[in-house]
Structure formats: structure tokens, C-alpha cells
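Subject: Structure handover

Hello,

Here is the structure for your files, with notes on what turned up in it. Please keep in mind while reading that this is a predicted model.

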Amino acid sequence: MNKILIIVLLIITGCGVGFVIDLRDSDQRDLINLVYNSGFESGDYDYDTTPEDWIVLNKPLNKIFWDNGESHNGEKCVKIKHPDRKISLISEAFSLNPEAVYQVKCFLKSQKDNSKSTLLTFSAFDKNGKKVNKFSKKIYPNQSWSSFELNTGFLKSSAKFGRITFIFPKDSKNVYWVDDVETYFIHSFHKRK
């Protein structure tokens, strides 16, 4: 009787709605980063341009730069200087497996510590470019390079490609830097038949 009770409890516990994934750096050593030009190193360098494979919506003049003086790793990063409105920095699209969970990792810093957050977003789109999933996290950069992570949940079956977006706040007295933006396919789940 005790064996049957233990088996029933294990089955019930295993059928829970939520799940926890413990992700360690050692688990990611052999994974492929899906973000193109994730360290902002590729392309014909020009301080006043946006790095290759990245987009800035409604790019403001003299506010966003391809910096080569403050990088976390490598030689270059993106610098957002005294933003007088919200600024969105968006990655090139990358392919997705709709039955997978993804992890985003990035490094940010700011000239001043403050309470204004930067929004880190993972968005999934269908084959027509319609947004079908969005996972977001408010992050608070400080005066030293800090690592930030965002894990996705389940994607809709129509998800075909994704993009990473940073939305920097209106903060005309501060400067922000971002570098080493990575996205990894962590685990896939198969639907029951």
C-alpha cells in the first residue's frame, strides 16, 4: 500500500503546472548564441552609427553611439547618452523553436545609479511578423558592468522568430552602456499526443 501511495504522489507532483529550470554557466558552454553581432564588434566602425544587425527606432540625433571606450568585453559597445525620450535598441531577428525555452543574458552599466529602469524584452513573432509572445524584465544598471538575465516561458506554436529589445528611459542626466547580448535555446518541450 505504501508503494502505491508513493507512486501516486510522485505522479501528482510530476504533473504540476509550473516548472523550475536551474541554469548554470556550465550548462551553456556548448550552446550557440542566437543574437547576431551580440558584442557589437562586427561592421565598419563609425562612432555615430548603429552597429550592424541592430536597429534604433526613430533614432534621435546625438543620443546613441557605437562606443569603443567602455566595453564590457571586446572593444565596442552601445552608448545611450542623455536620452531625452525613451530609446529602443532592437536586435536583428533570429529563428525560434516554438517548443523551446530561451534565456537572454546581457551586460549594462550607467554613469549614475538611479531608480529609473531599463526594460529588457524578448519578443516572439509569427511568420507574418505579428507579435505572439512577449517576456519582459525591468533592470536597473549601476556604475559598474552588471549581468542581467531573462528567461522565457512557453511560446505560442505560431512563433517563428524572435528579437531582443532594450527600452532605455527618458533620463537626460545619465549615460547608459550595453554589451554582450546573448540568447540561448535552453530546453525544448514536446506536446503530448
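I will begin with the open sheet. Five strands make it up, in the order β2-β3-β11-β6-β9, and their pairing is antiparallel. The edge positions belong to β2 (64-67) and β9 (146-151); each has a single partner strand, so one side of each has no neighbour in the sheet. On average, neighbouring strands of this sheet are turned by 30° against each other, direction ignored.

Within that sheet, β3 (residues 77-81) pairs with β11 (residues 175-188) in the antiparallel sense, over 4 bridges. Lysine 81 stands opposite valine 175, which belongs to β11.

Next, strand β7. With β10 (residues 161-168), β7 pairs over 7 bridges. Here phenylalanine 122 stands opposite isoleucine 164 of β10.

Those two residues come up again in the core. The largest nonpolar core holds 33 residues, and the ones with the most contacts inside it are Leu89, Phe122, Ile164, Phe166, Val178 and Val181. Strand β6 (residues 100-110) supplies the largest share of this core, 5 residues. As for valine 178, its contacts, leaving aside residues up to four places away in sequence, are Phe40, Cys77, Val78, Leu89, Phe107, Leu108, Trp145, Phe166 and Phe168.

Arginine 85 may be worth a look on screen. It sits in the loop between β3 and β4 (87-91). Not counting residues up to four places away in sequence, arginine 85 touches Asn58, Lys59, Pro60, Phe168, Pro169 and Lys170. For asparagine 58, the backbone oxygen lies 2.8 Å from a polar atom of the arginine 85 side chain. Arginine 85 and serine 172 are 87 residues apart in sequence, yet their C-alpha atoms are 8.0 Å apart in space.

Last, two backbone angles. Most residues other than glycine have a negative phi. Asparagine 37 has a positive phi of about 50° although it is not a glycine. Aspartate 53, also not a glycine, has a positive phi near 75°. Asparagine 37 is found in the loop between α1 (2-14) and β1 (54-56), and aspartate 53 lies in the loop between α1 and β1 too. How covered are they? Asparagine 37 is buried, with a relative accessible area of 10%, whereas aspartate 53 is partly exposed, at 27%.

Regards

Terms used. Residues numbered from 1 in each chain as written. Predicted model: local features only at pLDDT ≥ 70, side-chain atom pairs only at ≥ 80, totals over all residues. Heavy atoms only, no water. Pairing = 2+ DSSP bridges. Helix = DSSP H or I, 4+ residues; strand = E, 2+ residues; numbered from the N terminus. Buried < 20%, exposed > 50% of the residue type's maximum accessible area, 1.4 Å probe, protein only. Core = buried A, V, L, I, M, F, W, Y, C linked by side-chain atoms within 4.5 Å. Contact = heavy atoms within 4.5 Å. Axes fitted to C-alpha atoms, helices over the stretch in contact; angles between N-to-C directions. Polar contact = N/O pair within 3.5 Å; in protein donor to acceptor, adjacent residues only side chain to side chain.
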